[in-house]
Amino acid sequence: MSIIEVKNLTKKFGDFIAVKDVSFSVEKGQIFAFLGPNGAGKSTTIKMLTTLLTPTSGELSIDDHDVMKEARDVRHSFGIVFQDPSLDDELTAYENMEIHAVLYGVKKEVRRERIQQLLEFVELWDRKKSLVKEFSGGMKRRLEIARGLLHHPKVLFLDEPTLGLDPQTRNHMWEYLRKLNESEGITVFFTTHYMEEAERIADKIAVIDHGSIVASGGLEDLKKATSTSSLEEAFLKLTGRNIRDEDVSKTDAMRMRHQAWTKK
Amino acid sequence: MQIIYILWLRQLKRYLRSRSRLIGSLAQPLFFLVALGFGFGPVFSKAGEGNYIQFLVPGIMSMTIIFTSIFSGMEIIWDRQFGFLKETLVAPVPRLNIMVGRTLGGATIATMQGTLVLLLSLIAGFRPVSWGLVPIVILVMFLSSLLFTALGTAIASKLDDMQGFQMIMNFLVMPLFFLSGAIFPLDRTSVLGTIASFDPLSYTVDALRHILTNIHFFTLAWDISILVILMALFLAIGSYFFSKVQI
C-alpha cells in the first residue's frame, strides 16, 4: 500500500521548469531516498509535498489525503526536518517542543510525557531548559527530529538532515531513524548528498535531475540498470559528470536569481 | 484559542528575554523627549503654546507605539530568515490564528512600551490632567498597536529580506511619525495639517493628547472611529497577505 502518491507533478517559476512531470510512489513503512544534484528539484518537490508550495499541475496525496484539497489532514500526517533550521533560537528546547505540541493539537495530558520521551530519545532531556541558540548544529538537528515526531506522524520528511554534521552525529541520527522506522512503522522520506547513507539505509531510491526522475527502484535495480557496482557510480552515470556543466550553469543561474527573490 | 495564546506568549517571551531590545527601544524615545522637550521648550512657550513637555509626551508615546508595532509585525522577516516561519506554516492550523496570535503579541509589547514611556516621562515633569483616564489611554494605545502591527505584518508578508526593512523604516515609519503632529502643533490652514489628516498616527497622537492633556486637533470620537476602522482594515489586509505567504 502506498502512503505517498505523486502523479505528473510539475512546478514552474515563470519560464523556468523546476519539476517536470514527476511521478513516483512510496510504500507504507518504507525508507525512501530522494537523490539528485544541487538544483535538481528535490527541495521543490518536498515543499510541494508538505503544502508549502502550490504545484503548477499534477496530483499529490499523502496517506490518502489530497495535498492541495485536504491540506489540514495532510499536515497532521507528516513531520518534517527542513534543510535549514526552523527552530526558535530565543526559546528553550522544551518551549520549542511545547509550541509544536500546541500547533498540532497534542492533548495537554500527554504533552509533557511525550516531550520528555522524545527529548530523552535524542539525548537532550537534560538540556531542556537551555536556549536553542546555545546548541550546536548536531543538537539542533536532533531537537528538530524529536519535534518532527512529537505528533506521531505517519511520514517523516528529512531534507538533507545530515548536512554539516560530523560522522558521529550522522551515524547516531540514522540509527535513531532506523529504530523508529522499525518500531513505529514510520515511513521515512529523505534527501541527501551522501550516497553511502542512501546505500546503507534506503529501501527504495529515486534519482531526480533537471526536474525529472531519471531512475528509481531498489539499490540493486539501480546498480544493475547502470551496470555499476556502487550507488555513487550509478548516480554519476545517471546524472552525468561532464555534459551537465553548461546546461547547469544556465539553470543554476536562473535558480539562484529565483532564490534571491523568494528564499529566506 | 490555545494556538493564539501560545504564539502570543512566544512574542512576549522573546521580547522579555532580549534585554538589549528592551533598553534600546526605550532609549530612543527618551532621547527624543529630552532633546526636543528641553531643547524646544523655551521657544514653544515663548510662542504662547504652553508647556512643550506636556505637549510632546503623547507624541513620543505614539512614536514608541508605531516603532515597536511595525517592528514586531515585521519580525516575520526574521522568522523567515531563521526558519521558524516554516514550522508555523506547515502546522495544521489556520493561518489566521497564527497571524492573530503574533499580532496580539506584538500589540501587547507595544502597549507595554508606550506605558513605560508614559511612566518615565513623569520624571521629565509630565503631568496628565487626570489619572482616572489611564485605562482609556491604554485602550487607545492597544488599538493603535494592533493597527500598526497588522500593517507591519502585511508589509513583511510581501518582503523577502532584511534590506526591505530599512527602507520601510526610512520611507514609511519616519514620515508617518514626523507628519503626525507628534512633535509640533497642527494647523488647519497649512498643507501639513491636511497631510496629517491622512496619517493614521495623527489620530493616535491626537487621542492620547486629548485624554492626557486636553489639547486636541480632531474630536476624540472621530480619532477612535478612524483608528477602529483602520485597525479592522489593516488586520484584514495583513491576514490576507499572510495567508498567501509561500516559502
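The structure is a predicted model, in which local features need pLDDT of at least 70 and side-chain atom pairs count only at pLDDT 80 or more, while totals for chains, interfaces and linings use all residues. Residues are numbered from 1 along each chain as its sequence is written, and chains are lettered from A and ligands numbered from 1 in the order in which they are written.

The contact involves 25 residues of chain A and 23 residues of chain B, two residues being in contact if their C-beta atoms, placed from the backbone, lie within 7 Å. On the side of chain A that touches chain B, α2 (71–77), α3 (93–103) and α10 (244–262) each supply at least two residues. Helices (H or I, at least four residues) and strands (E, at least two) are DSSP runs, numbered from the N terminus.

Helix α6 of chain A (residues 167–184) has 18 residues and spans 25 Å from its first C-alpha to its last, close to the expected 26 Å; the expected span is 1.5 Å times one less than the number of residues. Just after α6(A), Gly185(A) has a positive phi of about 70°.

Strand β9 of chain A (residues 204–209) is largely enclosed by the rest of the structure, because 5 of its 6 residues are buried (20 or more other C-beta atoms within 10 Å of the residue's own, with C-beta atoms placed from the backbone). Strands pair if DSSP finds at least two bridges between them. β9(A) runs parallel to β3(A) (residues 31–35), with 4 bridges, and Phe34(A) has Ala206(A) as its bridge partner in β9(A). With β10(A) (residues 212–217), β9(A) pairs in the antiparallel sense over 5 bridges; Val207(A) has Ala215(A) as its bridge partner there. The hairpin of β9(A) and β10(A) has 2 residues between the strands, and His210(A) takes a positive phi near 50° in this hairpin.

Key: Buried ≥ 20, exposed ≤ 12 C-beta atoms within 10 Å, placed from the backbone.
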